[in-house]
Amino acid sequence: MKSVSVARSAAALLCATVVVLLTGCGYRPYKTTENQFAGRPVPPSKLTQRVMVAISQASLLGGGLEVLDAKRDIRSNVYVANSTTMISAYSSNAKSIINYPEQMRGYVYSSDGAINTINYSTEAAAGTTAATTGALSSYFVSQDVYSVLTAVESSGLFVMNAPSTSSATTSSVMATYSFPIPSVYKVVANPSHSVILLMLRNSNMVYRVLQLNSDQSGNQPAPANSLTCMPVNNPVYCIVPVGATQTNGTVSEPSFHRPYDAYFSPDGSQVYFLNCGRECGGTSATGDDVAGVSFANLNTLRIDYYPPSSTYVSPVTSFTAVPGGATAAISDGNTLYVAGQSLQTDGLFGGNLSVIPLSTKTISATYSISDGTHTKMLFADNNTLWIGSSNCASGERQAHNQNYNCLTRYDITNRAAAIVPNVTPGGATTVPYPNENLDKYYYGSLTGLCWVENLNKVYTAYGGQVHAFNTADGSEIDNTNITVQGTATDVAYMDASTNVAN
């Protein structure tokens, strides 16, 4: 017995010695090179497959940004026992993320009205990018931080932080321009911010930002149809209309039908305006009830394109009616996928995915998907398309006892759409990992979606908690070790090779 005890003690001592030696030599649970993809440095956490989660908590506690190990689907850091990784110098209630992994940074909007820069290399907040007044209904920060654009619907204000002059030699001088635009609720810009578009609530109008050339500030201060210009005495930027009433034979029709958003083609030459029509309150009496896509050339919408005459010419080259609805879109360059809702005979709305080959600009197929307002669309592994929406529990599916969750997986190869997780309301098939409210059949609104490249998974902020799904079959990954304390409002894949992974 004594010899057995001695043997056990020796084995324990040997194990302890090995652990100490490995730790002292900088042992890593998994290997990382000095520089990762595109020469990116290894961050302080030493994690190289990271998903950042925006967290909101009770006002007294504050929120934050937590980093998850998306390779192993855990929130703990394998390098430091019983620890988690938080973005340092940030403790606000985070609401949403603009993710730029190519530039190794992101921009986070918080409930205190600030937009903060997050440095992905240092895993720390780098300071306030812009301070805002009032709750933002929409915002945009360019990749180069050259433009910060915000829309505050409650006060009817569009604010632009941009160069104070059009002169190329002094364009680094920045200024803040505030434009009073009643009912403005959305600002949309292309990656190079050469096109800046504004949408108005309950309106068929779209406006764009026009930058006056230096020789126009005296000779042609502003187009005649400008809505407003700033500064007032010596204009540099003006807001001019994109949409206007057009004549179809003897009938006057709007160029847009309750425009909701705009999507820029992958090659950067086209703008696809999404008209939500009846879903956004359009009526047949006003002619704005038709949902669809308005195709337009980007060049005539550029910030430096000055109208050649006072006669308005619409940039829209064609229009495709989309009976299924249009509030979100994504394209692979050959096909445009459009998500939205259509009004059903019982007065409720039902979600649809419409497939439009760009060679014909006509709908080739329509699929039933989640109800609710669709705002998230993302390509992922296994040739899949993921579509997220919000407020899905009051639509057609819920009324007919069908799966009414807010995430849809579309298999592009097999042309099949399925709502995930797979649930039978009132039946035995329930959500696998219920949220804090313990609802067995409904997760809630989907507010965040990102693709973890080449690992066959997507991460989501789904009903206020983190949920991850396999792209191969749509099954849910056990989220026990990736749940966060507080309300998860958004997610971002920090180590993506491309900015379109969110």
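Trainee: Which side chain meets Asp-304 in a salt bridge?
Mentor: Arg-302 does, with N and O 3.0 Å apart. A salt bridge here is a side-chain nitrogen of Lys or Arg within 4 Å of a carboxyl oxygen of Asp or Glu. Please note that this is a predicted model, in which local features need pLDDT of at least 70 and side-chain atom pairs count only at pLDDT 80 or more, while totals for chains, interfaces and linings use all residues. Residues are numbered from 1 along each chain as its sequence is written, and side-chain values use heavy atoms, with hydrogens and water left out.

Trainee: Why do such side chains pair?
Mentor: Side chains of opposite charge can pair when their charged atoms come close.

Trainee: Are Asp-304 and Arg-302 buried, exposed or partly exposed?
Mentor: Asp-304 is partly exposed, at 39% relative accessibility, and Arg-302 is partly exposed at 28%. Buried means under 20% relative accessible area, exposed means over 50%, and partly exposed lies in between (1.4 Å probe, protein chains only).

Trainee: How many salt bridges are there?
Mentor: The count comes to nine. Among them is one between Lys-457 and Asp-73, whose closest N and O atoms are 3.0 Å apart.

Trainee: Where do Lys-457 and Asp-73 lie?
Mentor: Lys-457 is in strand β32, and Asp-73 is in the loop between β2 (64-69) and β3 (85-86), so the bridge ties together parts that are 384 residues apart in sequence. Strands (E, at least two residues) and helices (H or I, at least four) are DSSP runs, numbered from the N terminus. Lys-457 is buried, with a relative accessible area of 6%, and Asp-73 is buried at 13%.

Trainee: What is the partner of Arg-258 in a salt bridge?
Mentor: Asp-288 is the partner, at 2.9 Å from N to O. Arg-258 lies in the loop between β18 (251-254) and β19 (259-264) and Asp-288 in the loop between β20 (270-275) and β21 (292-297), so parts 30 residues apart in sequence are tied together. Arg-258 counts as buried at 13% relative accessibility, and Asp-288 counts as buried at 2%.

Trainee: Changing topic, how many aromatic pairs does the structure hold?
Mentor: It holds 15 aromatic pairs. Rings of Phe, Tyr and Trp (its six-membered ring) pair if their centres lie within 6.5 Å; planes under 30 degrees apart count as stacked, over 60 as edge-to-face and the rest as tilted. One of the pairs is Tyr-109 with Tyr-139, with centres 5.5 Å apart and planes at 45°, so this pair is tilted. Tyr-109 is in strand β5 (residues 105-110) and Tyr-139 in strand β8 (residues 138-141), 30 residues apart. Both Tyr-109 and Tyr-139 are buried.

Trainee: Which residues do ring pairs link into a cluster?
Mentor: Tyr-337, Tyr-367, Phe-379 and Tyr-410 are linked in that way.

Trainee: Last topic: which charged end sits over the ring of Tyr-185?
Mentor: That of Arg-201, 4.0 Å from the ring centre. A charge sits over a ring if NZ of Lys or CZ of Arg is within 6 Å of the ring centre and within 35 degrees of the ring normal. The charged end of Lys-46 likewise sits over the ring of Tyr-79, 5.7 Å from its centre.
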